[in-house]
Amino acid sequence: MLDASMTLRRGDFTLEVDLHAGRGEVLAIVGPNGSGKTTLLRALAGLDPLDTGHVMVDGKPWDDVERGLHLETADRGTALVLAEPLLFPHMTVTRNVGFGLSARGASKAEGRATALRLLESIGMGEYGERRPATLSTGQQQRISLLRALAVEPQLLLLDEPLSAQDPATRAALRAELGRLLASFDGVAILVTHDAIDALTLADRVMVMDDGRIVQQGTPDTLIRRPESTFVAELVGLNLLRGVASGHGVSVEGGGSLQLAEPTDGPVLLSFPPHALTVSNGHEDATESSSRNKWRATVGEIQPFYGRVRLTLSGPPNVVAEVTAAAVAELGLTAGTPVMVSLKATEIEVSPA
Amino acid sequence: MTTRRGIRAPWPILIPALVAIAFLLTPLVALLAAAPWGQLADQLTNPLVRKALWLSLSTATVATLITIILGVPLAWLLAQGSWRGRRVLRALVVLPLVLPPVVGGVALLLAFGRRGLLGGPLYDWLGVSIPFTPVAVVMAETFVALPFLVLTVEGALNSREHRYEDIAASLGASRWSVARRVTLPLVAPAIAAGAVLAWARAIGEFGATITFAGNFPGRTQTLPLAVYQALETDRDAAIVMSLVLVVASLSVLVSMRSRWQV
């Protein structure tokens, strides 16, 4: 549905990207600041002109430099959501949500009805007549998501939509965004520098560095088989879902883990592969100081820049990174039983 | 507001500062002291005062409306990125702000007078003569007031959040629609402030008006002109009209207090 290939030059910086995505797909673009993520989004929105290449959506050209074709932003089927909610301050919440519909020719009543229906669908129906300034930033960002979804865009462009929120709001908003994206049938492009956002929300992740895509794949592939230390550090996180009760978490798919701080309810646990220690499967479980120890079986063994990535089936299932020496010493091959340990303090917990 | 702390100012500055305060306040006090409070109502219904007051209010208001209609688009043009000649045009727009108003009046006469650059053909072909009419008063006031509005609105346009417009466009709003539904409402407070400033400048206009529109009671004699003339013939009327202008200025000050922190 989306087929784009483009280059843009800005002084010394060159953006050179090919993008393809199907209907209903959520594509995350992850990269450090200055890697060109926002430039890419602005180009797709038609706010910045391409130097070469094309953007096609549903077989319709939005940009084609060779044919001299450039569709104005307003004539594309896009909708933009930025880090700050940027709700129109002089309009009520309902008029904000209905803005795109009336801009596209819907009647006042029609826009209002759709806006109210959407507001009610996320339980914010009673806020319709409020001004944006009277809402919290979290609420404002939810409204700004609705404002974008109301026009049923072919291309939903999300530029760091969670980054301006405080951690607690961010988790709730991430869950909300996940729900909204699940029922969205256009292409969603999610620009973020947060690995958890990308890994939890996207079907496919593209890692960008200095204007280029350095690797793309499903979240699972990027964790198991990063092609560079850059990718590994940026998105190479173990991510487990579970339900916490006090210090204990029962992990989705089996197994349980202990946390350093007690919490309750659904949680998202993340920890880097090198936080895991792998030892001989016959070892006594009481020997180390780690709160978390479990038996696992070695699956894939992947050399990775002088170290080795191991896929371990528990439960819980994780990816660990160990030295090549350790692999030799423990005689690890596919199918070897091992003992995995993880310090509770290495686990980052966020509400899900 | 936070209280500014730091090294205290040296006490000798108090002396010139007090002199300045006295200098600014004494004339106002003198005006209030000399006011014929007893016959205030009589003076306000005095035909001379009434006509001048009505002419001033109506011409200043019309001039302000014209200033908005012409000035907002001009401010927009000036705030539109950087293009060749923008700085020169901006300097020319600001010129009436620093130009002695009487020079403005002379220039208006040379442009729109019966033998003026545009006024000549206008008179020869259509028989229309602008100088020494209420229209000339409005033009003189617009000429001096326009820069106030243009500068205020241009400042607001330059410092606006462009991403509101990006979002509006991405949602399908055309340029017109973005301008009407997003940009203008965002700078509306600045347009209001600029209009108040323009109105204040217009109501106090003297030099350009007397030069271009003359001083005909009931036709082109605005309050400031009437004050000047009455000072020699009817002192009480002059003082009352001055008080009216003080009240007008104070109401401008009050309406602008959030901008000027007074």
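A crossing of two helices is left-handed if the near helix is turned anticlockwise from the far one by less than a right angle. The views below are taken from a predicted model.

**View 1. Packing of helices H9(B) and H12(B).** H9(B) passes H12(B), which covers residues 235-255 of chain B, in a left-handed crossing. The two helices pack at an angle of about 165°, with their axes 10 Å apart. Since an angle over 145 degrees counts as roughly antiparallel, H9(B) is roughly antiparallel to H12(B). From H9(B), the contact is made by Val196(B), Ala200(B) and Ile203(B). From H12(B), Ala248(B), Ser249(B), Val252(B) and Ser255(B) take part. Five nonpolar and two polar residues form this contact, with no charged residue.

**View 2. Packing of helices H4(B) and H7(B).** H4(B) spans residues 86-98 and H7(B) spans residues 134-158. Their axes lie 8 Å apart, and the packing angle is about 125°. That angle makes H4(B) oblique to H7(B). The crossing of this pair is left-handed. In H4(B), the residues that meet H7(B) are Val93(B), Val94(B), Pro96(B) and Leu97(B). Their counterparts in H7(B) are Phe143(B), Val144(B), Leu146(B), Pro147(B), Val150(B) and Leu151(B). The contact of H4(B) with H7(B) has ten nonpolar residues, no polar residues and no charged residues.

**View 3. The contact between chains A and B.** Chain A contributes 16 residues to the contact, and chain B contributes 13 residues. On the side of chain B that touches chain A, the elements that give two or more residues are H8(B), residues 162-170, and H9(B), residues 175-203. H8(B) gives the most to this side, with six residues. By class, the side of chain B that touches chain A holds seven nonpolar, four polar and two charged residues.

**View 4. Helix H2(A) and its surroundings.** H2(A), residues 93-103, is mostly covered, and eleven of its eleven residues are buried. Among the buried residues are Arg95(A), Asn96(A), Phe99(A) and Leu101(A). Within chain A, the buried residues of H2(A) pack against strand S7 (78-81), helix H3 (108-121) and helix H4 (137-149). They also pack against H9 of chain B. Just after H2(A), Gly105(A) takes a positive phi of about 100°.

View 5. S18(A) covers residues 337-342, and five of its six residues are buried, so the strand is largely enclosed by the rest of the structure. S14(A), residues 276-280, runs antiparallel to S18(A) and is joined to it by five bridges. One bridge partner pair is Thr277(A) and Ser341(A), the latter in S18(A). S15(A), residues 292-304, pairs with S18(A) over six bridges, also in the antiparallel sense. Here Trp294(A) stands opposite Val340(A) of S18(A).

**View 6. Gly217(A) in strand S11(A).** Gly217(A) lies in S11(A), which covers residues 212-217 of chain A. Around Gly217(A), 18 other C-beta atoms lie within 10 Å. A residue needs 20 or more to be buried and 12 or fewer to be exposed, so Gly217(A) is partly exposed. Leaving aside neighbours within four places in sequence, Gly217(A) is in contact with Arg204(A), Val205(A) and Leu222(A). Met206(A) is eleven residues from Gly217(A) in sequence, and the C-alpha to C-alpha distance between them is 6.7 Å.

Definitions and conventions:
Residues numbered from 1 in each chain as written. Chains lettered and ligands numbered in written order. Predicted model: local features only at pLDDT ≥ 70, side-chain atom pairs only at ≥ 80, totals over all residues. Contact = placed C-beta atoms within 7 Å. Helix = DSSP H or I, 4+ residues; strand = E, 2+ residues; numbered from the N terminus. Nonpolar A, V, L, I, M, F, W, Y, C, P; charged D, E, K, R; others polar. Pairing = 2+ DSSP bridges. Axes fitted to C-alpha atoms, helices over the stretch in contact; angles between N-to-C directions. Parallel < 35°, antiparallel > 145°, perpendicular 65-115°, else oblique.
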